[in-house]
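Reader: I have a model open and want to go through it. Can we start with the charged contacts, and with what counts as one?

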Amino acid sequence: MKLTLQQVLAIVQKDLTVEMRARDLLVLMLTFAVLSLVIFYLALDLWGPVVQRVGPGLLWLTITFAAMLGMGRTFVREYERGTLAGLLLAPIDRGALFIGKLVANLLFLFTMEAVTLPMFALLFGLPVLRPSVLLITALGTLGLAILGTIFSAMAAHSRAREALLPLLLLPTTVPIIIGAVQATSNAISGAADGPPWLGLLIAFDVIFLTLAYLLFEYAIEG
């Protein structure tokens with residue numbers, strides 16, 4: 001277990017170091033997220049109850065597509081630089097490699113959301129910085145990161161990898177997005193959580209994490 005933890009931390013440290021030098025993933029996600037929110041604000045005449053109904057959907061649309069742009073580079077960057085073969089040949093547990101990549105993706109996504117959420121609150125006047133909304137955002141982001149990491153590993157070996165990731169990711173994230181939007185809407189309005197949307201997010205995170213961890217070895221081998 002100790003060796004596996006060291007391997008996970010080594011993968012995370014490597015990805016953070018590469019990102020600090022290249023600064024391509026975070027810049028890409030932040031630019032897309034900020035521009036999307038500004039466009040939504042300027043193009044849509046949202047006010048009063050309309051903002052409360054539509055706002056959570058716009059927020060999660062922004063987060064989802066920004067995450068997709070960033071996580072699409074998770075393994076493609078390794079493949080293009082020839083380091084993916086080295087990772088696979090190294091004496092590293094495949095599960096540790098998956099968890100390390102997942103943790104790195106989560107750190108990137110949370111950094112993007114640390115800018116996106118306050119900006120969304122400022123533009124649309126919705127209380128998305130409440131602890132309940134932040135918890136929902138963390139759970140939804142975890143689901144996106146899990147699927148994005150496993151599908152990025154699958155798409156890295158394909159010639160059509162830029163198009164393959166959205167085709168794999170969008171349909172499978174529908175339950176996460178629906179649950180996150182509904183739970184966010186209820187948390188913002190202060191309404192009771194009708195269907196257990198928060199429980200749905202937790203259940204899907206557990207299921208997806210288990211499946212992705214077990215299947216990652218086959219996905220990364222291509």
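Author: A salt bridge is a side-chain nitrogen of Lys or Arg within 4 Å of a carboxyl oxygen of Asp or Glu. This is a predicted model, so local features need pLDDT of at least 70 and side-chain atom pairs count only at pLDDT 80 or more, while totals for chains, interfaces and linings use all residues. Residues are numbered from 1 along each chain as its sequence is written, and side-chain values use heavy atoms, with hydrogens and water left out.

Reader: How many salt bridges does a search of the whole structure find?

Author: Two. Lysine 14 pairs with aspartate 15, with the closest N and O atoms 2.8 Å apart. Lysine 101 also forms a salt bridge with aspartate 15, at 3.2 Å between the closest N and O atoms. Helices here are DSSP runs of H or I, at least four residues, numbered from the N terminus.

Reader: So which residues make up the network?

Author: Lys14, Asp15 and Lys101 are linked in it.

Reader: Is aspartate 15 buried or exposed?

Author: Buried, because its relative accessible area is 4%; the cut-offs are under 20% for buried, over 50% for exposed and partly exposed in between (1.4 Å probe, protein chains only). Lysine 101 is buried as well. Lysine 14, at 27%, is partly exposed.

Reader: Changing topic. Where is the kink in H3?

Author: At valine 54, shortly before proline 56, with an angle of about 40°. The bend at a residue is the angle between axes fitted to the seven residues ending there and the seven starting there.

Reader: And the core: which residues have the most contacts inside the largest one?

Author: Phe124, Val128 and Phe216, in a nonpolar core of 61 residues. Such a core is a set of buried Ala, Val, Leu, Ile, Met, Phe, Trp, Tyr and Cys residues joined through side-chain atoms within 4.5 Å. H6 gives the largest share of this core, 13 residues.

Reader: What makes the nonpolar surface patch?

Author: Ile207, Leu211, Tyr213, Leu214, Leu215 and Tyr218, over about 650 Å². Patch residues have over 30% relative accessible area and no salt bridge; nonpolar side chains (Val, Leu, Ile, Met, Phe, Trp, Tyr) are joined within 5 Å, like charges within 9 Å. Areas come from the Shrake-Rupley method with a 1.4 Å probe, and for residues only the protein chains shown count as cover.

Reader: Why does leucine 214 count as exposed?

Author: Because its relative accessibility is 53%. Leucine 214 lies in helix H10 (residues 197-221).

Key. Helix = DSSP H or I, 4+ residues; strand = E, 2+ residues; numbered from the N terminus.
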